[in-house]
Amino acid sequence: MRCLYCHTHIFEEIGWSDLIFKRVEDPFCAGCRSTLIKIEGARCKICSRSMKSEGVCSDCDMWSKHSDYSDVLTANHSIYEYNDSLKELIKRFKYNGDYALAGCFRKELIEHVKLYKKFIIVPMPVSSLRLKERGFNQTEALLECAGVSYENLLKRVDTETSQAKKQKAARHSGENPFQSGKAMNGENILLIDDLYTTGTTIRRAASVLKKTGAGEVRSVTIGR
Ligand SMILES: [Zn+2]
Ligand SMILES: [Zn+2]
């Protein structure tokens with residue numbers, strides 16, 4: 001067995017008991033695994049940003065005063081810091097289509113999703129154009145790899161302009177690219193995405209779900 005990231009042999013690191021009890025779940029070698037840093041310690045109660053002390057960060061404070069998005073997202077929980085390793089990993093996974101890399105997040109994703117009982121798991125959708133380009137929805141791939149069942153309650157209708165353009169676009173402007181085809185009756189939703197960046201995308205999705213009758217909307221992302 002080789003590490004999915006650096007391709008060194010990792011068989012040597014695994015003991016016989018691990019093999020017998022099928023604990024070989026991590027497709028990463030210890031070295032590569034250690035470059036992924038979990039967000040621990042004080043963080044923003046709403047978006048998971050690392051902070052010096054527990055509280056609400058300035059961005060979330062600003063969101064709380066926004067006319068359309070003030071209360072759409074109860075909280076986001078992100079698992080890893082978006083450092084160079086995670087950046088490279090997500091790039092390979094998402095843009096180079098290295099589907100197998102979804103396995104790296106399997107264990108953590110299962111552990112986190114388990115905490116949200118009575119929530120419908122909803123992957124963030126990609127537009128049909130993006131789907132055609134990549135061949136898969138990265139968030140669905142993460143969930144499938146983790147064996148988590150989900151419902152596609154959202155549709156993304158825009159053509160998704162380039163990342164650079166998106167970053168340029170003002171945080172609060174632009175049309176909401178999401179649509180929900182299903183009326184809800186107070187069900188709680190857990191949105192899953194690979195990254196939380198400005199929080200705009202997740203809030204837009206949450207706002208659509210709220211408008212169609214969702215109860216609480218929370219999110220879990222791999223990186224922040
Ligand atoms: Zn490795
Ligand atoms: Zn925050």
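Predicted model: local features only at pLDDT ≥ 70, side-chain atom pairs only at ≥ 80, totals over all residues.
## Basis of the values

Residues are numbered from 1 along each chain as its sequence is written, chains are lettered from A and ligands numbered from 1 in the order in which they are written. Local features need pLDDT of at least 70 and side-chain atom pairs count only at pLDDT 80 or more, while totals for chains, interfaces and linings use all residues; side-chain values use heavy atoms, with hydrogens and water left out.

## The zinc sites

Cys 3, Cys 6, Cys 29 and Cys 32 coordinate the zinc ion (ligand 1) through their SG atoms at 2.3 to 2.4 Å. Donors are N, O and S atoms within 2.8 Å of the metal (3.2 Å for Na, K and Ca); water is not among the atoms, so sites may look incomplete. The donor residues follow the spacing C-x2-C-x22-C-x2-C. Cys 3 lies in the segment before helix H1 (16-20) and Cys 32 in helix H2, so the pair ties together parts that are 29 residues apart in sequence. Helices (H or I, at least four residues) and strands (E, at least two) are DSSP runs, numbered from the N terminus.

The zinc ion (ligand 2) has Cys 44, Cys 47, Cys 57 and Cys 60 as its protein donors, with the SG atoms 2.3 Å from it. Here the spacing is C-x2-C-x9-C-x2-C. Cys 47, in the loop between helix H2 (30-34) and helix H3 (58-63), and Cys 60, in helix H3, tie together parts that are 13 residues apart in sequence. Cys 47 is buried at 1% relative accessibility, and Cys 60 is buried at 2%. Buried means under 20% relative accessible area, exposed over 50%, partly exposed in between (1.4 Å probe, protein chains only).

## Helix H5

Glu 108, Leu 109, His 112 and Val 113 are buried in helix H5 (residues 106-114). Seen down the axis of H5, the buried residues fall within an arc of 125 degrees, so they line one face of the helix. The arc is that of the directions from the helix axis to the C-beta atoms.

## Salt bridges

The whole structure holds 10 salt bridges, each a side-chain nitrogen of Lys or Arg within 4 Å of a carboxyl oxygen of Asp or Glu. One of them joins Glu 151 and Lys 182, with the closest N and O atoms 3.3 Å apart. Glu 151 lies in the loop between H7 and strand S3 (154-156) and Lys 182 in the loop between strand S4 (178-180) and S5, so the pair ties together parts that are 31 residues apart in sequence.
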